[in-house]
Amino acid sequence: ENSKTIGLAVDEYLTALSLFSAEQKKEISDLLLNIGNGYSALGNHEKSYEFYRKRLEAGVAFDDQMREALFYENLGNAASRVARYAEAAPYYLKALSYDKKIKDSPWELKITKEMALLYQEARDYLKAAEYFSQALKIAEEVNMAEARAVILRNIAYNLYHAGKIEEGIGY
């Protein structure tokens, strides 16, 4: 039921997109974002990535920093889910750059773990362990014991797969 509603909304957004003139950049950008979000909710990550990229290429500024940070997180997620790991990394880094201004440690932890998982999926285990180590520091700073346990396991897993068994044993 929910996916049917989202699918109908995406269809309406696509229709609306064809009605705007090229000069209506803000409206077009908002529609591109909504279409990307819709496809993401439907699990169509290829289409989601396509429309997020179009939103990025439109070059229209966002109204606030948090919305822009979330956009870059979503763009990174979409790229990662279609195995475009090299493209996803800069989007996650851009999202993380906003944390310095927003100061939201749980969100920073989430993005840092997504970066780590991105490198793990790309089989760059040392880089994954590096980002999981950064995530561990954040989890310790905000006293998130449950997250800490999972992160420690992930550090050990990645060090093991990187051939750094001795280092992984410490975790």
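Residues are numbered from 1 along each chain as its sequence is written, and side-chain values use heavy atoms, leaving out hydrogens and water. Because the model is predicted, local features need pLDDT of at least 70 and side-chain atom pairs count only at pLDDT 80 or more, while totals for chains, interfaces and linings use all residues.

Start with the largest nonpolar core, which has 38 residues. A nonpolar core here is a set of buried Ala, Val, Leu, Ile, Met, Phe, Trp, Tyr and Cys residues joined through side-chain atoms within 4.5 Å, and buried means under 20% relative accessible area with a 1.4 Å probe, protein chains only. Met115 and Ile151 touch the most other members. Two or more residues each come from α3 (45-58), α4, α5 (85-102), α6 (105-121), α7 (125-141) and α8 (145-161); helices are DSSP runs (H or I, at least four residues), numbered from the N terminus. The top contributor is α7, with eight residues. Setting aside neighbours within four places in sequence, Ile151 is in contact (heavy atoms within 4.5 Å) with Leu109, Lys113, Phe132, Ala135, Leu136 and Ala139. Apart from this core lies another, of seven residues, including Ile6, Ile28, Ile35 and Phe51.

Now for α6 and α7. Their axes (lines fitted to C-alpha atoms over the stretch in contact, with angles from 0 to 180 degrees between N-to-C directions) come within 7 Å and cross at roughly 165°. The two helices are therefore roughly antiparallel, the label for angles over 145 degrees. Among the α6 residues that meet α7 are Leu109, Lys113 and Met115, and the α7 side includes Phe132, Ala135 and Ala139. By class, this contact has 12 nonpolar, four polar and three charged residues. Ala, Val, Leu, Ile, Met, Phe, Trp, Tyr, Cys and Pro count as nonpolar, Asp, Glu, Lys and Arg as charged, and the others, Gly among them, as polar.

The pairing of α2 (residues 25-42) with α4 (residues 65-81) has another geometry: the axes come within 11 Å and cross at roughly 45°.

Finally, Ala95 sits in α5 and counts as buried, at 0% relative accessibility. Beyond its neighbours within four places in sequence, Ala95 contacts Ala69, Tyr72, Glu73, Trp107 and Ile111. The C-alpha atoms of Ala95 and Ile111 are 7.6 Å apart, although the two lie 16 residues apart along the chain.

Notes
Buried means under 20% relative accessible area, exposed over 50%, partly exposed in between (1.4 Å probe, protein chains only). Angles under 35 degrees count as roughly parallel, over 145 as roughly antiparallel, 65 to 115 as roughly perpendicular and the rest as oblique.
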